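Hi there,

I'm passing along the structure we talked about, with some notes on what turned up in it. Have a look below and then read on.

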Amino acid sequence: MPPDSQHVPRRATLTWAGCRRGARAILAVLPPVFVFGIAFGIAARGAGLEGWVAALMSMVVFAGAAQFAVLDLWTSPVPWLPLLVATFAINARHILLGASLRALCRGLPAWKVYGAMTLLSDLNWAALIAAERKGERDLGYLVGGGALMWVTWVSATAIGAVAGGLTLDDVKTYALDLVLVTFFATTLVAIRRGRIDDLPWLVAGLAAMGAVWFLPPNWHVMVGGLAGGVAGLIRDEMKRR
């Protein structure tokens, strides 16, 4: 439910009340996050990682798609350059996500902004964007949801790593690596503002598909985001004129 207007500050801030609202809003996401985390733990063990290494990776990196991607590259010796390039290509979308929150962060101390961004993910970003349109101005909304997701993700990874029994190919066979992708796709319905979003989304989708075919793996995320953003800018400029 949207926060009551009397509980939502007029200017951007970061409070415990906002953290609690964000945590409550993200509760519906936790089951698929938990399943996805278990899938990663299982896949990590199948790729040869020790259970504690898999849990430590989830604790420090906290980036499900990137963590799955590096498992395909995890060999001995570790190919650090391709691994770093793949990780950047996948997580570069956070540059766009962070940029979209610039107005909400304006006026806050840098340590609060950068601290909050360490917990930024697709899902608590989407929850915050939807809440912001209803009046939310508390960056704690992002922090509360992200912290709860982080605890769930790390715990599930540890459980999956201990359980073992499957390989990375098994995870893909049962489509466990698509759980969060599917869930996030459904959240687009909630944040769609109407026909105004259709053109940027269409351009982003087509650009991402083209990048999958013609560019190295994982670059489609950044290409799609940039293409959609440029399409939105051009559309707005044409309307102003």
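Gln67 sits in helix α4, residues 64-71 (helices are DSSP runs of H or I with at least four residues, numbered from the N terminus). Please note that this is a predicted model, in which local features need pLDDT of at least 70 and side-chain atom pairs count only at pLDDT 80 or more, while totals for chains, interfaces and linings use all residues. Residues are numbered from 1 along each chain as its sequence is written, and side-chain values use heavy atoms, with hydrogens and water left out.

With a relative accessibility of 1%, Gln67 counts as buried (buried means under 20% relative accessible area, exposed over 50%, partly exposed in between, with a 1.4 Å probe and protein chains only). Beyond its neighbours within four places in sequence, Gln67 is in contact with Phe40, Met57, Ser58, Val61, Phe62 and Trp153 (contact means heavy atoms within 4.5 Å).

Leu49 belongs to the loop between α2 (30-46) and α3 (51-60), and is buried too, at 3% relative accessible area. Met57 turns up again among the contacts of Leu49, along with Ala44, Ala54, Leu71 and Trp74, neighbours within four places in sequence aside. From Leu49 to Trp74 the C-alpha distance is 8.6 Å, across 25 residues of sequence.

Next, helix α5. Its buried residues are Leu83, Ala86, Ala89 and Ile90. They cover an arc of only 130° around the axis, so they sit on the same side of α5 (the arc is that of the directions from the helix axis to the C-beta atoms). These buried residues pack against α4, α6 (93-100) and α14, whereas the face turned away from them carries the exposed Trp80, Leu81 and Leu84.

Which residues of α13 are buried? They are Pro200, Ala204, Ala208 and Ala211. Seen down the axis of α13, they fall within an arc of 65° and therefore line one face of the helix. Their cover includes α14 (220-240).

The face of α13 turned away from that buried side has the exposed residues Leu202, Leu206, Trp213 and Phe214; Trp213 counts as exposed at 62% relative accessibility.

Best wishes

Conventions:
Helix = DSSP H or I, 4+ residues; strand = E, 2+ residues; numbered from the N terminus.
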